[in-house]
Amino acid sequence: MSTLKENRLWRIITSPSRMMLTVAGVVILVSVVRQFTGISDITSPGAAGATIRFTIPLLMAGLGGLWAERSGVINIGLEGMMILGTWFGAWFGYLYGPWVGIFAGAVGGALAGLLHAILTVRVGIDQAVSGLAINLLGAGTARFLSGVFFIGAGGDVNVSPQVKSISSFTVPGLSPFLTSLGQKHILVISDVAGVVAGFITSINWASLVMILALPLTSWILWKTRFGLRMRFCGENPSAAESLGVNVYRTRYIALAVSGALAGLGGAYISVVVTGNYLEGQTAGRGYIGLAAVIFGNWQPAGVLAGAALFGLTDALRVRQSTSVHALLLVVIVLAAVYSLTKLRKKDWKGFGINLGIAVFVLAYYMINKVVPDEFVTFFPNLTTILVLAFLSQKLRPPAMAGAPYRKGEES
Amino acid sequence: MNLAIELKGIEKNYPGVVANHDVDIQIHKGDIHAIIGENGAGKSTLMKILYGMVKPDSGSITINGELASIKSPQDSIGLGIGMVHQHFMLADNATVLENIVLGSEPIKAKVVVDYAAARAKIEKIISTYGLDIHVDDLVSDLGVGERQRVEIAKVLFRGAEILILDEPTAVLVPQEVDDLFKNLKELTQNGLTIIFISHKLDEVMTIADNITVMRHGTTVAEVKPANTNKKQLAEYMIGGELPSPRLASTKPREEKVLEVKDATAKDRTGREILHGINLDIHAGEILGLAGVEGNGQSELIELIMGLVKPDSGSVVTVGLDTKEADLRKIRDEGVGYIPQDRQRDGLLMAAPLWENRILGHQETAPMSNGMWINKGAAKSDSERIIKEFDVRTPSNDVLANALSGGNQQKFIVGREMSGDPKMIIAAQPTRGVDVGAQAIIWDHLIEARLKGTGVLLVSADLDELFKLSDRIAVIFRGSIVDYLDPRTTTPEQLGLAMTGEKIA
């Protein structure tokens, strides 16, 4: 009975009208904070553009995680697949041009995805163990290949030669107009204008192509036969098998796609963001992608929300660390408002916790002038832990993700 | 004669075991044909043969007058045979619609599922057969009865004309059984044929047009309900006379093993789920707890075991106030617990029986010796249980999941009764077990009562409640609404009380 209620609640929270209201509220709040603190970079076109660049790798890794888990296999190996993506992207991008590089990154990731499939689906190795192995293998392979190929080609054992860049586009007319409007510091209007300007100014064609993976994933999952069968492989593989679904094959395909998406995310970093391969440049983004899957409740749009949130904090940290400090004000107000809604429901504990958070963050805000970088880096991990701790009742992971499955055995 | 299925001389051997031999059954079109027998009588093997999951060694299967060769479930689906499994094959986190179409999706534009066409077809099936399900509901929101109807719809969606239902009522409460029977009648009126596998004689007598009885892998009798009675069927099933339990009238003792006073309890979301419960059990008494499932029985058990602390009032279990004593202490003081879901809560399925014997007694002698497990004692006591409770297993080294459901249950009952506990909580102790196992479990509960154990018998089986209980308490929406005397109450009155009606 209780699950029934929770589902309804979840549907209401995630309903479009409610989402719009929430988004509008947050926009106004951020705008006020920007006005109050005078830190205009929060909503500048530059910050918006940087957010996109930081979000896309996380989004691709997250979608990769989504494909794997929806088919019933946990993919901790996303990080390793991303690393292979960065390497293949840079090397083939250097040889044959950036677009070939991006394609090669996807292939590199997909190969690692297939390896994960062979190990977990066919051999039956524990999914976490196989994923960890792929992470080690990805890093090691990239290092080895760098030594073999880069040194003679003007790179080094941990750096590739430069890749030609992919062109960008700017929406003419609208972009300069919005950019100048954004500089006028009018409450809300300038903020929205600034952010939108960032979304339509100097946008890399590769960014646009990658974002397409999101609607495509949604469409496949909920409209196509393959998507339906894949979801059942994650929810109840025995049931799927009993109705003639080939669970093994479905998981092979899903994991190859999962690896390809992670590889694309990696290639995006090396080809588009930095223009060459740098060892360690994924910096754990594969894991953050998994965090985005949990944050997003295994829904494609949710994964985007998680990736964007983590990408935003990352981008602000890199540009101007006072921005993150200013955003604390947003957290304070949100926690305070949330505590009031708890008060109205006479949920004293929830009221206390949220008020406590608000007061604590406010105290921190007053005492310090900046948020340490280390904390910002840690932010996605913290958020995921909080989501798991407080919202786990409402999360709906695929029921059999992570569970070993053998054909013909009932689970 | 219009036969849907004719089985002749079916035989199936497994290494060392004859699962089926000389099986002859004729099933008429439009009939509800019941196949009954004890656990292990060969019903399941026979149905697996018919559904193509197992190949027979010899014998012939004729479907609608034509000799059929069934090699896989796909073959049998092609012949219009559908199986409604006992354990539902559904995904919780998906809608009814998605669960039904999976594997047989109508397709448009090569890859896209034509959900509109599927919906129309399913809606038609639902309205034709009065199935009462909603295609857009999430399966996780559905009750057991609805899930079963989804399974039936799934089979009909694939065009089945012969439905095999494997113990369909094992998981249902009485009202849901009535609904199911209504649905089944509806199906046969539309020309479908139903094979109904069961060991519940009441139900078979009510619903079946024809009954085939199986024993030791073969068919021993074919009768019509009008020409037989339950006693005769039971004798066919076990091949002899049934011992009938009778409560020796003893006087319950003065001392109480359970005293619940005005106890209320909340669930995790803070909703009050038990209201002002007053419940006493004396030593040497069986108190039946009747009620439709989900009216607070599980919460009451948790309250008594000390897993949930009362918000107000008090709970004293075997002399210990549960506010102070924890579960471990209460169990060690002498409380046996036969859980409702034996495979989930009662056994480690992948562990040998002797390890399962230790379960719940891992900190007390003789199963433990300080920090060490006493393997020898566990093994010898497992042997005792196997003997006393007639658990059919080659040895105590066999994994629990190799035993049939009835034998698993007998082992659990044996374990929970060892060491002569002061109180036993028995939740649905004979659900899903055959009559033989049922008789043994009943005998031991009655014996425990004579020895002075207090028993809380939570059951949905009215027959069981009437046969065993000294008193029957009725729980409804988290309150004890009535106490009844089984000697002066009729089943109809009890049924009424379970729905919250006061008996005048």
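What percentage of the 504 residues of chain B count as buried? In this predicted model, the share of buried residues in chain B is 45%. The overall dimensions of the chain were examined next. The C-alpha trace of chain B extends over about 70 × 50 × 50 Å along its principal axes.

The secondary structure of chain B consists of 17 helices and 24 strands.

Chain B is divided into two parts, domain 1 (3-238) and domain 2 (256-498). The centres of these domains of chain B, taken over C-alpha atoms, are separated by 33 Å. Where the domains meet, eleven residues of domain 1 of chain B are in contact with 13 residues of domain 2 of chain B. On the domain 1 side, helix H6 (174-189) and helix H8 (230-238) of chain B are the elements that give two or more residues. The largest share of this side, three residues, comes from H8(B). By class, the side of domain 1 of chain B that touches domain 2 has six nonpolar, four polar and one charged residues.

Chain B also touches chain A. This contact takes 19 residues from chain B and 24 residues from chain A. On the side of chain B, the residues comprise ten nonpolar, five polar and four charged ones.

How values were computed. Residues are numbered from 1 along each chain as its sequence is written. Chains are lettered from A and ligands numbered from 1 in the order in which they are written. This is a predicted model: local features need pLDDT of at least 70, side-chain atom pairs count only at pLDDT 80 or more; totals for chains, interfaces and linings use all residues. Two residues are in contact if their C-beta atoms, placed from the backbone, lie within 7 Å. Ala, Val, Leu, Ile, Met, Phe, Trp, Tyr, Cys and Pro count as nonpolar, Asp, Glu, Lys and Arg as charged, and the others, Gly among them, as polar. Helices (H or I, at least four residues) and strands (E, at least two) are DSSP runs, numbered from the N terminus. A residue is buried if 20 or more other C-beta atoms lie within 10 Å of its own, exposed if 12 or fewer, and partly exposed in between; C-beta atoms are placed from the backbone. Domain bounds come from an automatic or database domain assignment.
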